[in-house]
Amino acid sequence: MKMILAIINHDDAPTVIHNLTKHGFQATKLATTGGLLKAGNTTLLLGVNDDKVDTAIGIISKYSKSRSQLLPTTEMGSGGVYSSMPVEVMVGGATCFVLNIERMEKA
């Protein structure tokens with residue numbers, strides 16, 4: 001048995017969860033915040049059999065889209081804080097961690 005920790009963009013979460021459920025997976029949804037962009041993410045926890053890991057990650061990957069976003073930047077100068085040109089960064093997609101689970105029980 002494996003535990004998949006999937007960090008996805010909050011905009012993709014409803015579609016990802018819908019498609020995981022449609023294929024028989026159960027997920028626990030946690031609201032999380034990324035460190036760099038300080039934007040909302042969703043972290044999904046899935047307990048899956050070893051032979052279903054690739055299927056679950058495939059679904060997560062298919063419905064987690066990467067996209068570019070302009071990030072406003074600020075700089076500190078001698079006159080205080082001022083804005084500079086926005087920077088384009090890639091957001092979205094999925095980061096998945098697969099962990100070995102020694103034991104799982106539903107009570």
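## T43 and its surroundings

Leaving aside neighbours within four places in sequence, which residues is T43 in contact with? In this predicted model, they are A6, I7, T28, K29, L30 and T32. T43 sits in strand β3. Its relative accessibility is 11%, so T43 counts as buried; the cut-off for buried is under 20%. One of its partners is also a polar one: the side chains of T43 and T32 are joined by a polar contact of 3.0 Å.

T42 is likewise a residue of β3. Its relative accessible area is 3%, and T42 is therefore buried. Beyond four places in sequence, T42 touches A6, I7, I8, H10, A13, K29, L30 and T32.

## The sheet

Strands β2, β3, β1 and β8 form an open sheet of four strands. The order is β2-β3-β1-β8, and the pairing is antiparallel. β2 and β8 stand at the edges; each has a single partner strand, so one side of each has no neighbour in the sheet. From one strand to the next, the twist averages 20°.

Strand β1 covers residues 2-9, and β3 covers residues 40-48. Eight bridges join these two antiparallel strands. K2 has V48 as its bridge partner in β3. Further along, A6 stands opposite L44 of β3.

β1 also pairs with β8, residues 94-100. This pairing is antiparallel too, over seven bridges. M3 has its bridge partner in β8, namely L99. In general, strands of a sheet pair through backbone hydrogen bonds, in a parallel or antiparallel sense.

## Helix α1

Where does α1 lie? It lies across β1, β2 and β3, and runs at about 15° to β3. Its buried residues are A13, V16, N19 and L20. They lie on the same side of α1, because they cover an arc of only 140° around the axis. An α-helix has 3.6 residues a turn, so residues three or four places apart point the same way.

The cover over the buried residues of α1 includes β1, β3 and α2. The face turned away from the buried side carries exposed residues: P14, T21 and K22. After α1 comes G24, with a positive phi near 90°.

## Helix α2

α2 lies across β1, β3 and β8. It runs at about 5° to β1. V53, A56, I59 and I60 are buried in this helix. Their arc around the axis is only 135°, which puts them on the same side of α2.

What do the buried residues of α2 pack against? They pack against β1, α1, β3 and β8. On the other side of α2, D54 and K62 are exposed.

## The nonpolar core

The largest nonpolar core has 14 residues. Those with the most contacts inside it are I4, L20, F25, L44, L46 and I60. Two or more core residues come from each of β1, α1, β3 and α2. The most come from α2, with four residues. Nonpolar side chains tend to be buried together in soluble globular proteins.

F25 is among the core residues with the most contacts. Not counting residues up to four places away in sequence, F25 touches L20, L46, V48, K52, T55, A56 and I59. Of these, A56 and I59 are among the buried residues of α2, and L20 is among those of α1.

Is Q26 buried or exposed? Q26 lies in the loop between α1 (13-22) and β2 (28-33). Its relative accessibility is 57%, so Q26 counts as exposed; the cut-off for exposed is over 50%.

Q26 still has contacts elsewhere in the chain. Not counting residues up to four places away in sequence, Q26 touches L45, L46 and K106. L46 is also touched by F25. The C-alpha atoms of Q26 and V48 are separated by 8.6 Å, and the two residues are 22 residues apart along the chain. V48 is also the bridge partner of K2, and F25 touches V48 as well.

Technical notes:
Residues numbered from 1 in each chain as written. Predicted model: local features only at pLDDT ≥ 70, side-chain atom pairs only at ≥ 80, totals over all residues. Heavy atoms only, no water. Pairing = 2+ DSSP bridges. Buried < 20%, exposed > 50% of the residue type's maximum accessible area, 1.4 Å probe, protein only. Contact = heavy atoms within 4.5 Å. Core = buried A, V, L, I, M, F, W, Y, C linked by side-chain atoms within 4.5 Å. Arc of directions from axis to C-beta. Axes fitted to C-alpha atoms, helices over the stretch in contact; angles between N-to-C directions. Polar contact = N/O pair within 3.5 Å; in protein donor to acceptor, adjacent residues only side chain to side chain.
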